[in-house]
Amino acid sequence: MGLDQQLADFKAEFLRTAPAGRAALYEAKIEELRAGFALEAAVAVEARAPDFRLPDVRGNPVSLTDLLGRGPVVLTFYRGGWSPTAISSCEPTRRSCRR
Amino acid sequence: VVPYCNIQLRAYQAILPQIAALGARLVAISPQLPEQSLATAQTDELTFDVLSDVGNHAARRFGLVYPLPEELRAALRSNNKALPGINGDDSWELPVPATYVIAQDGRIALAYIEVDYRKRLGPDAILDALRSLQPS
């Protein structure tokens, strides 16, 4: 099953099981963001990718410059896995938490 | 149930051999704390780089950051997914989901930026863009 179909299935399941009003709220907020987000200010095709240097899951720094030294890079920004098991052991005010 | 980001990351993991065969690397970035990124990588069995952009500094340079509206903060709190505990700051900021294919010279060959977080760039489009970068 392709990615589009998996995403559509998850959306359908959410619409079926979500608390009353939740789906309409999410829909409205997506449209609000579409109206308010400065898409033209985002880095686009033909631009030069800004460099970054960020820790991987073992704490080792990884920079875009290093990655590009070996070939093209597929870079995806995602919002988070938001794993409930990990969250339950975290205190909101702490910088890090143990699992 | 697997939320949208996990569905996407697993679909990209599935094409990792093809990405590697085209000489490229796959990297995922979120504002989650490293421990949370590790949880995501383990849950989704990801073997590519999963980086932690705490504070959204990298995402900001790409122009992707927005503050989550108050109504959605309340919804996440009620789902036990309050962002301060996951991301390690009180900003409630997130990146708009985006996927880039970057040529080796740093030029962006493909940019997919979609405020509707329920839509993600398909794996085929990534592989097509990588093929277009192959020396002929």
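Me: How many residues of chain B are in contact with chain A?

Reply: In this predicted model, 91 residues of chain B touch 61 residues of chain A. Contact here means heavy atoms within 4.5 Å.

Me: What area is buried between chain B and chain A, and what share do carbon and sulfur atoms give?

Reply: About 7400 Å² is buried, and carbon and sulfur atoms give 64% of that area. On the chain B side, B:R25, B:V115 and B:R118 lose the most area to chain A. Together they account for 9% of what that side buries.

Me: Why are α1(A) and α1(B) called roughly antiparallel?

Reply: Take helix α1 (residues 3-17) of chain A and helix α1 (residues 4-14) of chain B. They pack at an angle of about 160°, with axes 10 Å apart. Angles over 145 degrees count as roughly antiparallel. Therefore α1(A) and α1(B) are roughly antiparallel to each other. Their crossing is right-handed.

Me: Which residues meet there?

Reply: From α1(A) come A:L3, A:Q6, A:L7, A:F10 and A:K11. From α1(B) come B:Y4, B:I7, B:Q8, B:A11 and B:Y12. The contact of α1(A) with α1(B) holds 7 nonpolar, 2 polar and 1 charged residues.

Me: Which residues make the contact of α2(A) with α5(B)?

Reply: A:R22, A:L25, A:Y26 and A:K29 of α2(A) meet B:E71, B:L72, B:A75 and B:S78 of α5(B). By class, the contact has 4 nonpolar, 1 polar and 3 charged residues.

Me: How do you know that A:R34 and B:E114 meet in a salt bridge?

Reply: Their side chains are 3.2 Å apart, N to O. The cut-off is within 4 Å, from a side-chain nitrogen of Lys or Arg to a carboxyl oxygen of Asp or Glu. The pair A:R34 and B:E114 qualifies. The count between chain B and chain A is 4 salt bridges. Over all chains, the structure holds 14.

Me: What makes A:E32 and A:K29 a salt bridge, and where do they lie?

Reply: The N to O distance is 3.0 Å, and the cut-off is within 4 Å. A:E32 and A:K29 therefore count as a salt bridge. Both lie in helix α2 of chain A, 3 residues apart, about one turn of the helix.

Definitions and conventions: Residues numbered from 1 in each chain as written. Chains lettered and ligands numbered in written order. Predicted model: local features only at pLDDT ≥ 70, side-chain atom pairs only at ≥ 80, totals over all residues. Heavy atoms only, no water. Helix = DSSP H or I, 4+ residues; strand = E, 2+ residues; numbered from the N terminus. Nonpolar A, V, L, I, M, F, W, Y, C, P; charged D, E, K, R; others polar. Axes fitted to C-alpha atoms, helices over the stretch in contact; angles between N-to-C directions. Parallel < 35°, antiparallel > 145°, perpendicular 65-115°, else oblique. Left-handed = near helix turned anticlockwise from the far one by under 90°. Buried area = accessible area lost by both parts, 1.4 Å probe.
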